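Please read the points below with the sequence and the model open side by side.

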Amino acid sequence: RQSLDAKSFMPPNLNKGALMSAAIFGDGAAAAVLGEAQSDEQRASTPAVSCFTQRYFRGTRDLVSNETFANGYAGFIFSPKVPAFVHDHILEATTGFFKRYNLGFSDFNALAFHPGGTKVMQAVEESLGISSHDLRYSYKVLEQEGNMVGPTAMFVLQKAMQDVKTGKILLVGMGPGFSMAHV
C-alpha cells in the first residue's frame, strides 16, 4: 500500500479546516523496500513480513479521507468520530488477525500502532486492554514527529526496530476509508 499525501495551505483559502490540516499533518515520508532473501544468512539477519491482513470498513469514507477542493487545495479530513470508531472496531480487527495466524499479543516483542492522535491511542489501549507502555513507540513518534498520516506507522516501526533486535513486531496501520492493516 502506498500513501504519499500532499498537503498545502494556499491563500486566499483561509478555511480553518484547511489551516488545521496543513498544520497538524506535517511533513514526513517513509518507504520500505521488500524483496526475497537470497540466502539463509540474509533470512536470519533481515526483517521479514510473515503475515498480513487489511480491513476496509464500508460506509466510513467520511471518517478519514483526502479531498481536493475547487481552488486546488488538497486537504486531509479527519473526523472527530475516529477515536470512537477505533474503540468500537479495533478489537474485532485485531482478533481476526490473531485468529487467522494463530497469534496473540504474547507472540510479539513490541507493538507498533499508527498513533493517529492521543484520543486514538487511548481508544486502542481501552479496547485492546493494553497499556501506554505497550504503545510507547507510537507515543514517542506522536510526541516527536506528530501525525504525518501514512508515513507515521513506518516511523513507529523504525523506533521499535531500533529497540527490539530479535523477535516479532506487530505493525498496525490505520488510514483513509476507514481501513486497518495488521502486519
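At what angle do helix 3 and helix 4 pack, and how far apart are their axes? The points below begin with how the model is to be read and then take up that question.

1. Basis of the note. This is a predicted model, in which local features need pLDDT of at least 70, side-chain atom pairs count only at pLDDT 80 or more, and totals for chains, interfaces and linings use all residues. Residues are numbered from 1 along each chain as its sequence is written, and side-chain values use heavy atoms, with hydrogens and water left out.

2. Overall layout. The protein has six helices and six strands. Here helices (H or I, at least four residues) and strands (E, at least two) are DSSP runs, numbered from the N terminus. Read from the N terminus, the order of elements is α-α-β-β-β-α-β-α-α-α-β-β. Of the 183 residues, 40% are buried; buried means under 20% relative accessible area, exposed over 50%, and partly exposed in between, with a 1.4 Å probe and protein chains only. Contact means heavy atoms within 4.5 Å. Among contacts between residues at least 6 apart in sequence, 64% join residues at least 24 apart.

3. Helix 3 against helix 4. The two helices pack at an angle of about 40°, and their axes are 8 Å apart. Axes are lines fitted to C-alpha atoms, for helices over the stretch in contact, and angles run from 0 to 180 degrees between N-to-C directions. Helix 3 and helix 4 are therefore oblique to each other: angles under 35 degrees count as roughly parallel, over 145 as roughly antiparallel, 65 to 115 as roughly perpendicular, and the rest as oblique. The crossing of helix 3 and helix 4 is right-handed. A crossing is right-handed if the near helix is turned clockwise from the far one by less than a right angle, and left-handed if anticlockwise. Helix 3 contributes Val82, Pro83, Val86, His87, Ile90, Leu91 and Thr94 to the contact, and helix 4 contributes Lys119, Val120, Ala123, Val124, Glu126, Ser127 and Leu128. By class, this contact of helix 3 with helix 4 has nine nonpolar, three polar and two charged residues. Ala, Val, Leu, Ile, Met, Phe, Trp, Tyr, Cys and Pro count as nonpolar, Asp, Glu, Lys and Arg as charged, and the others, Gly among them, as polar.

4. Ser127. This residue lies in helix 4 and counts as buried, at 14% relative accessibility. The side chain of Ser127 reaches the backbone oxygen of His87 at 2.9 Å. Apart from neighbours within four places in sequence, Ser127 is in contact with His87, Ile90 and Leu91.

5. Helix 5 against helix 6. Helix 5 (residues 136-144) and helix 6 (residues 151-163) pack at about 125°, with axes 9 Å apart. That angle makes helix 5 oblique to helix 6. Their crossing is right-handed. On the helix 5 side the residues that meet helix 6 are Arg136, Tyr137, Ser138, Lys140, Val141 and Gln144; on the helix 6 side they are Thr152, Phe155, Val156, Lys159, Ala160 and Asp163. By class, the contact of helix 5 with helix 6 has five nonpolar, three polar and four charged residues.

6. His114 sits in the loop between strand 4 (110-113) and helix 4 (118-128), and is buried at 6% relative accessibility. A polar atom of the His114 side chain lies 3.1 Å from the backbone nitrogen of Gly116. Leaving aside neighbours within four places in sequence, the contacts of His114 include Met121, Asn147, Thr152 and Met174. Met174 belongs to strand 5 (residues 169-175) and is also buried, with a relative accessible area of 13%. Not counting residues up to four places away in sequence, Met174 touches residues including Val86, Ile90, Val120 and Val124.

7. Is Asn102 buried or exposed? Asn102 counts as exposed, at 70% relative accessibility. Asn102 lies in the loop between helix 3 and strand 4, and its phi is near 55°, a positive value in a residue other than glycine. Most residues other than glycine have a negative phi. Leu103 lies in the loop between helix 3 (82-101) and strand 4, but counts as buried at 17% relative accessibility. Beyond neighbours within four places in sequence, Leu103 is in contact with Cys51, Phe97, Phe98, Phe108 and Lys168.

How values were computed:
A polar contact is a pair of N or O atoms within 3.5 Å; within protein, one must be able to donate a hydrogen and the other to accept it, and residues adjacent in sequence count only if both atoms are side-chain atoms.
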